[in-house]
Structure formats: C-alpha cells, structure tokens
Amino acid sequence: MTLMTKPGIEPLRIEPEAIEEAAKLLYIRACKILPDDIKAGFARLDGSETDATAKTILATMIENIGVAERMDNLLCQDTGIPIFNVLVGRNVQVDGWALKQAIARGTERATRDHPLRSSVVHPITRRNEHTSCGERVPVINIDFTDVERELRIEMIPKGSGSENGSFLQMLIPADGVAAVKRFVVDRVIQAGGKVCPPTIVGVGVGGTSDLCMHLAKVAATRPLGSRCADAEGAALEAALSEAVNSLGIGPQGLGGDSTAFAVHVETAATHITMNPVAVNIQCHSARRASATFTADGIRIGF
Amino acid sequence: MTHHILPMPITEAQVRNLRAGDTVTLEETLYGIRDATQIHMFDQGRRTKFDLRGHAVIHTAPNLRKVDRSGTNHSGYEAVCVGTTTSDRMERFTRPLMEREGVRIIIGKGGLRDGSLEAFRDIGGAYLAVVGGAAALETTWIEAVEDVDLDDLNPEALYKFRIKGFGPLLVAMDSHGGSLFATVNAEAARRRQAVLEKLGAA
C-alpha cells in the first residue's frame, strides 16, 4: 500500500530553503509594490470622486505608489503583522513543520536585512524582539487545493490601523439579514477615517465565531474584482458596496464618495441558532504578494 | 483657505491663526511620537531631554537603519521609511502633551476626539492631517533623523527629524472648535437612515 502518492505520479517536492527565500522576498515585495487590481481600483475611484479634497487625497495616494516603486521604498511605514496563506495542491510533498520554521526565518531575515520595522511585540510585556516574529506570529494559514503539483504562498503585511477596525457580533436568527447589513454600515461609520479609507471592507457571514472572523479577513484581503462564490453573498456585497459609499466618509475620513473600493463578503454554513457577522477592514495600502511553486519553477506575483 | 509655511517652533498666536480647511507646510524640525512613547512619558513618569515647546509632533514609528553617529546625526539612525499612524489611540495624551511639554501641533491620520479639540481651544493648538499610508512620499520630506530619546522603546522612541517642505498638510482640527472629522461624522450619521432604508434594513 502506498501512503504518499498515486502510482506513476512523482510528487512535487519543495525544500524549506526555497520557502525561506520566498518568505523573505514576499514580505519585502508586498511592502513595496501594490497589486495591479488595487492600482486599477484607485483609477476607478479617482474617476468617479466628486469631492475636491477627496480628489487631492486620492492623487497623493496614487503619487505615493509611484514614489515607492521609483525609490524602491515601502508604501507604508506599517510593516503590519505578517500573514502567510499556504495553499497546498495535490501531489505536493513538503515537511509541514520545516515549512512553518522556514516562513518564520524568512520573515526574520527580511526584517533584519532590509531592514524593516518590526511591528510585533509580546501582548503583555510589549517587548519587541525586532524580528517581526513572536508566539504564533507570523500567522500561517494552511489549506489544500485541487491543483496538481502546485504550492502557493500568499503574503499579507496586515496594517494595524485597519486591523483595529475588526468587529464580531453573534447575532441571532430573529435578527435576520437586516441586522447583518446594519452591523456593517454602523461599523464602517464607527471606523471612519481611523482605518485609512478608501478600504476593502471584509465581511464574514456564518460559521462559528472564529471562522466568521477568519472569513472577514479572507474577504478583506481578496483581489478587487473577485466575487463571493455564494450567490446570496455576492448580492450582499454589491448592495453593501453601494451603501457604504453613500455615507460621505471619503478618503481618510475627510469627506467624499470614495469610502471603500468594495465590500467583500465570504460565507460559511452556520448553526440553526446562530447568525454571526464579522467585519475586518483592509486599508488602501492593500498589500499582497505571492509565490507559486510548480514543476516549472517559482512564479512571483500578487 | 490659506496656505501657511511654518518654520518650527511656533507661538500660540501663530497656531491660533490656523483654520480648519487651511493647508500647512512645516520646515526645520519635527518630533516623532507614538503609543509607547506617551505611555512611558505620562503613565510611567519618564521625561524627555527634548524641549518640545512650540513644536509639532507626528504620530509615527519609523523604519530605520542603524548608522554611525557623525556630524549633525546624534541619533545613530537614518530613515528608511517614515509614515503616519492612526491618531485616535493616543487621544488621551493630547492635553498632557500640550500642558506639560508645550506642544502646539499634532500631525496624524484619522483625527482626534472632542477632548483634543477642547485642549486645542483652551491652550492653543491644532491637528494637521497627513495622508496616511503615503509613507514613501512622506519620507522624501525628511532630511535626517537628527536625534533620539527614550531609544529603548525603538521603534516607538521619541525622534527628532530635520524636515524640508513637510506638507502640504490639511488643518483638520483648529483652536476655534473647527473639526473636519466632526463635520464628516455628523454627515455620515445623518445619511445613515436613508442608506439603511435602501438596504431594506432600517
């Protein structure tokens, strides 16, 4: 009996050294180059914005994207909490423990060698080890996909201004979807300019409390232009996108139409007695970088 | 709407001359301050060697590279990337910063609350909004990290920056009760009901 592979198919083997190099590269790259979908989002907002102050602020943000690329500098001083999403395809062979350690080593080397500001501290002593690492950080999320012989690593430096705009409420079935909508609108009003708008408002609907908040993070860090796979969720994100951009909060909370690039929704089945909703917000510096390992080599992207 | 060029430090009269909606460019000196800096200064009784009277502080924690101390660089650091953090967390330090240290201007993003607005009115101060998340651009306005205090708090130490053409910044809260954030927040609250009705969630 073979436990590891299908007969005749050689698994894709990935060495920890390659993962460490990728983790280092991705952390630095994510901090410097904004994904194409976010740049397109800025162009769209700039085209539709009607408020003069808001137009000026959007122009400054767009200028900053160019300055960061020309000067090979960080888009934002907040290097965030490093998050790595590891997506393991079929017939991939990797030492999981070594993978986790390699990601932490790559993160630490990026922090020391570039250098990047270590934004990570002990939660009680507030001690900063200047490695961007600590207990359970980097955050590493591992999931499995149906793609043959491919491993994908997504890196997200999650800024704190927007991460502090995180909210969970265990609504009940009698509250209905109306309460879910009210919750999102009210939390966007509460967050105001503190979360560095224009934002991506991530909304989790359903699941357990922890899954619901994770869904909100997945939604907030999804590329612009992507849609919720669930039809009801997709309808909800369209309605909420229009709603939050009707509040007049605008870029940096100083007024205007451009409060959010989009509201993204992710859904999960939930309990008959539960109706959880979570909000997690991504700031306008919606940074991502990815490395895709295949038999042909490593592809770097967003 | 007036544009002001202010070589720092400034007087009470100069800061009271700023009105919400005006723009400002700062010159010469700016101090960087953060959560931990102010927790240590005001909750734990630590004092700074810097004379902050009449000066501006910016809510920041920079990315720095260690270098040798030489010439006018007394800090041992050079700036990699200097940007601005969310001010709201540091709301309760506005009045003590002004009363005890004599600070006249706070620069940040996202705004401060009513307590700060009252302190600006009572003592003479203003809040200038910088575009958050535009740190690569902001870094080009920083000439040097001249000095540092409370360095054990790195990157949340107290930094003295030499600046050139730091701005334009938007006067978002002034000493006359004006707050652009309060205006926007009130407008959002006013629009809320109509937004919820359209969602079928009123």
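**Chain contact and an open sheet in a predicted model**

Biologist: How many residues of chain B are in contact with chain A in this predicted model?

Modeller: Contact here requires C-beta atoms, placed from the backbone, within 7 Å. On that basis, 42 residues of chain A take part, and their counterparts in chain B number 44.

Biologist: Which element gives the largest share of the side of chain B that touches chain A?

Modeller: The elements giving two or more residues to this side are β4 (63-66), β5 (77-81), α5 (135-139), β9 (158-173) and α6 (180-198) of chain B. By class, the side has 24 nonpolar, 13 polar and 7 charged residues. The largest share, 12 residues, belongs to α6(B).

Biologist: Turning to the sheet in chain A, which strands stand at its edges, and why is one side of each left without a neighbour?

Modeller: The sheet is open, with mixed pairing and the strand order β4-β2-β5-β10-β11 (chain A). Each edge strand has a single partner strand, so one side of it lacks a neighbour in the sheet. The edge strands are β4 (139-148) and β11 (297-301) of chain A.

Biologist: Which residue of β5(A) does Ile83(A) stand opposite?

Modeller: Strands β2 (residues 81-90) and β5 (residues 151-158) of chain A pair over 8 bridges in the antiparallel sense. In β5(A), the residue opposite Ile83(A) is Ile156(A).

Biologist: What angle does the direction of helix α1 of chain A make with that of β5(A)?

Modeller: Helix α1 (residues 16-32) of chain A packs on the sheet and touches β2, β5, β10 (289-294) and β11 of chain A. With the direction of β5(A), the helix direction makes an angle of about 40°.

Notes: Residues are numbered from 1 along each chain as its sequence is written. Chains are lettered from A and ligands numbered from 1 in the order in which they are written. This is a predicted model: local features need pLDDT of at least 70, side-chain atom pairs count only at pLDDT 80 or more; totals for chains, interfaces and linings use all residues. Two strands pair if DSSP finds at least two bridges between them. Helices (H or I, at least four residues) and strands (E, at least two) are DSSP runs, numbered from the N terminus. Two residues are in contact if their C-beta atoms, placed from the backbone, lie within 7 Å. Axes are lines fitted to C-alpha atoms, for helices over the stretch in contact, and angles run from 0 to 180 degrees between N-to-C directions. Ala, Val, Leu, Ile, Met, Phe, Trp, Tyr, Cys and Pro count as nonpolar, Asp, Glu, Lys and Arg as charged, and the others, Gly among them, as polar.
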